[in-house]
Amino acid sequence: MIRRVCYFLFIIFGFIAYSSQGENLTMDYSDISVSLEINHSVFSTFVTVTFTNNSDQNDCKIPKWFLAENGLEDNLFEIVDSENNQIEYIGKFVKRGRIRESDLIRIQPKESISARIRLNKYYKLPLITNNLKIRFFVLYEIESNYISFK
């Protein structure tokens, strides 16, 4: 829990600090929505996370690591079991400097981009998954609702 709070504060203050220096990069997530789709089998659990730019006119940008192109490099999801016990993230944590323009992916108006991530590679999922709930939670501006899978 402490790691999650520290990480959350790091991201928030990282965005604030970055926007006050250098390229004056502003991060506006008001037009972005996140949806999750779960594919679960006996041997693996995948989530497809989709970011959609709901704006009619404006491009939006998200950090590349939200799409996990190099695998998860941080705890991007909150997964809880039926008793609301949080499932442990066992993947790596990458410490990042200021966000640069080259760290971002542009999403055109009304466009969506997706990534498929194998959750059991990065989270300590129980062998028998009974009614787990998952949500994307990195930034409060684009926090998603829980979805359940059995």
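V34 stands opposite F51 in β2, and that pair is a handy way into this fold. What you have here is a predicted model, where local features need pLDDT of at least 70, side-chain atom pairs count only at pLDDT 80 or more, and totals for chains, interfaces and linings use all residues. Residues are numbered from 1 along each chain as its sequence is written, and side-chain values use heavy atoms, with hydrogens and water left out.

First, the overall layout. The protein chain has 1 helix and 8 strands, in the order α-β-β-β-β-β-β-β-β from the N terminus. Helices (H or I, at least four residues) and strands (E, at least two) are DSSP runs, numbered from the N terminus. The chain has 150 residues, and 45% of them are buried; buried means under 20% relative accessible area with a 1.4 Å probe, protein chains only. Its accessible surface (Shrake-Rupley method, 1.4 Å probe) is about 8800 Å², with 49% of that belonging to carbon and sulfur atoms. As for contacts (heavy atoms within 4.5 Å), 69% of those with a separation of 6 or more link residues 24 or more positions apart.

Now to β2, residues 45-53, where 9 of 9 residues are buried. T45, V47, V49, F51 and N53 point one way, while F46, T48, T50 and T52 point the other way.

| Partner of β2 | Residues | Bridges | Sense |
|---|---|---|---|
| β1 | 32-40 | 9 | antiparallel |
| β6 | 112-118 | 7 | antiparallel |

On the β6 side, V47 stands opposite I117.

Then there's the core. A nonpolar core is a set of buried Ala, Val, Leu, Ile, Met, Phe, Trp, Tyr and Cys residues joined through side-chain atoms within 4.5 Å. The largest one holds 34 residues, and F51, F77 and Y123 touch the most other members. Elements giving two or more residues to this core are β1, β2, β3 (60-63), β4 (77-80), β5 (104-107), β6 and β7 (132-136). β1 supplies the largest share, at 4 residues. In soluble globular proteins, nonpolar side chains tend to be buried together.

F77 is worth a click in the viewer. Setting aside neighbours within four places in sequence, F77 is in contact with L36, V47, V49, L72, I117, L119, Y123, I134, R135, F136 and F137.

Note on methods. Buried < 20%, exposed > 50% of the residue type's maximum accessible area, 1.4 Å probe, protein only. Pairing = 2+ DSSP bridges.
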